[in-house]
Structures are given as C-alpha cells and as structure tokens.
Amino acid sequence: MEEYLNLVPVRNGKVQLRKVEGKYYLLIPMESKLDFLARKLHGDYRRIELDEVGAYIWELCDGRRTVAEIGKALKARFGEEVEPLYERLVTFLLELRKRYLVGFKRDEDIVQGGD
C-alpha cells in the first residue's frame with residue numbers, strides 16, 4: 001500500500017465527469033470503429049456511474065495531488081464513511097487504471113493503464 005501513496009493520479013483527458021439528474025457519470029467517448037453498433041444503441045459515450053465519493057476522487061485526480069493528499073481530502077470531507085480509507089482509495093484508482101481512465105505519475109513519468 002505504501003508504494004501507492006506518493007503516486008500522482010492523472011485523469012484521461014478524453015473522459016468527462018457529468019452530473020445528470022442527481023447522479024454522477026464518467027462519459028467515455030466510443031472512438032473505435034468497432035463501437036459503431038454500441039454508438040447506435042447508446043450514443044457517443046459509454047457511461048460509468050459513480051457515487052459522490054467516486055466523483056470527488058475523480059475531481060481530485062488533477063495530476064498534482066498524490067494519493068496520500070487525495071486520501072486526506074477524502075477523510076476531511078467524508079470522515080469515517082470512507083474507511084478503510086487507503087485500501088478503498090487505491091482499489092478504486094487501480095480499477096480506473098485498468099480501464100485506462102487514469103494513469104499514475106511518478107516523478108516525471110506517467111504509468112499507463114491496463115494490467
């Protein structure tokens with residue numbers, strides 16, 4: 001766990017966070033030619049629904065804050081609701097990374113998503 005605390009999450013610039021009718025969604029553009037059928041059925045974006053905590057984490061992944069700093073901000077805003085804090089935060093960020101929604105910056109390097 002300690003190895004992740006100094007990493008800096010960076011959002012995929014193509015992905016947008018939107019609040020629609022009280023719910024938060026990540027809108028991921030479907031750009032592949034293979035997505036033509038999905039685009040016809042669902043529009044130009046895939047959607048991933050986030051809760052309020054997930055949306056707040058997404059907003060904090062600005063390429064400047066470390067995972068430790070994001071954790072402190074979460075604790076200040078949500079208190080005990082986000083415990084166990086760093087286990088949940090790192091798991092969430094790694095899931096975003098698997099889907100190429102965030103990368104991690106360490107020093108000047110960005111660690112790309114995927115496995």
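Glu 52 is partly exposed, with a relative accessibility of 42%. The classes used here are buried (under 20% relative accessible area), exposed (over 50%) and partly exposed (in between), computed with a 1.4 Å probe on protein chains only. The model is predicted, so local features need pLDDT of at least 70 and side-chain atom pairs count only at pLDDT 80 or more, whereas totals for chains, interfaces and linings use all residues. Residues are numbered from 1 along each chain as its sequence is written, and side-chain values use heavy atoms, with hydrogens and water left out.

The side chain of Glu 52 forms a salt bridge with that of Arg 77, at 3.4 Å from N to O. A salt bridge is defined as a side-chain nitrogen of Lys or Arg within 4 Å of a carboxyl oxygen of Asp or Glu. Glu 52 belongs to helix H3 (residues 52-60) and Arg 77 to helix H4 (residues 67-78), so the pair ties together parts that are 25 residues apart in sequence. Helices (H or I, at least four residues) and strands (E, at least two) are DSSP runs, numbered from the N terminus. Arg 77 is partly exposed, at 46% relative accessible area.

The whole structure holds eight salt bridges. Lys 75 takes part in a salt bridge with Glu 80, where the closest N and O atoms are 3.0 Å apart. Lys 75 also meets Glu 83 in a salt bridge, at 2.6 Å from N to O. Lys 75 is partly exposed at 30% relative accessibility, and Glu 83 is partly exposed at 32%. Salt bridges with shared partners also join Asp 62, Arg 64 and Arg 65 into one network. Glu 80 is exposed, at 61% relative accessibility.

Glu 83 is also part of a cis peptide bond, which joins it to Pro 84 with omega about -5 degrees. Pro 84 lies in the loop between H4 and helix H5 (85-98). Most peptide bonds are trans, and most residues other than glycine have a negative phi.

Two residues with positive phi were found in loops. Glu 21 has a phi near 50 degrees and is not a glycine. Glu 21 sits in the loop between S2 and S3. With 80% relative accessibility, Glu 21 is exposed. Tyr 100 is not a glycine either, and its phi is positive at about 60 degrees. Tyr 100 is located in the loop between H5 and strand S5 (102-106).Strand S2 (residues 16-20) and S3 pair in the antiparallel sense over five bridges. Pairing requires at least two bridges found by DSSP between two strands. Val 20 has Lys 23 in S3 as its bridge partner. Two residues lie between the strands of this hairpin.

The largest pocket holds about 170 Å³ of space. A pocket is an open set of points on a 1 Å grid over the protein atoms alone, where a 1.4 Å probe fits, with protein on both sides within 12 Å along at least five of seven lines; lining residues have an atom within 4 Å of a point. Grid points are joined across faces, edges and corners, and the volume is the space filled by probe spheres set on the points. The lining of the largest pocket has 14 residues, and Ile 28, Pro 29, Arg 99, Tyr 100 and Leu 101 lie nearest its centre. Strands S3 (23-29) and S4 (45-50) each supply at least two residues of this lining.
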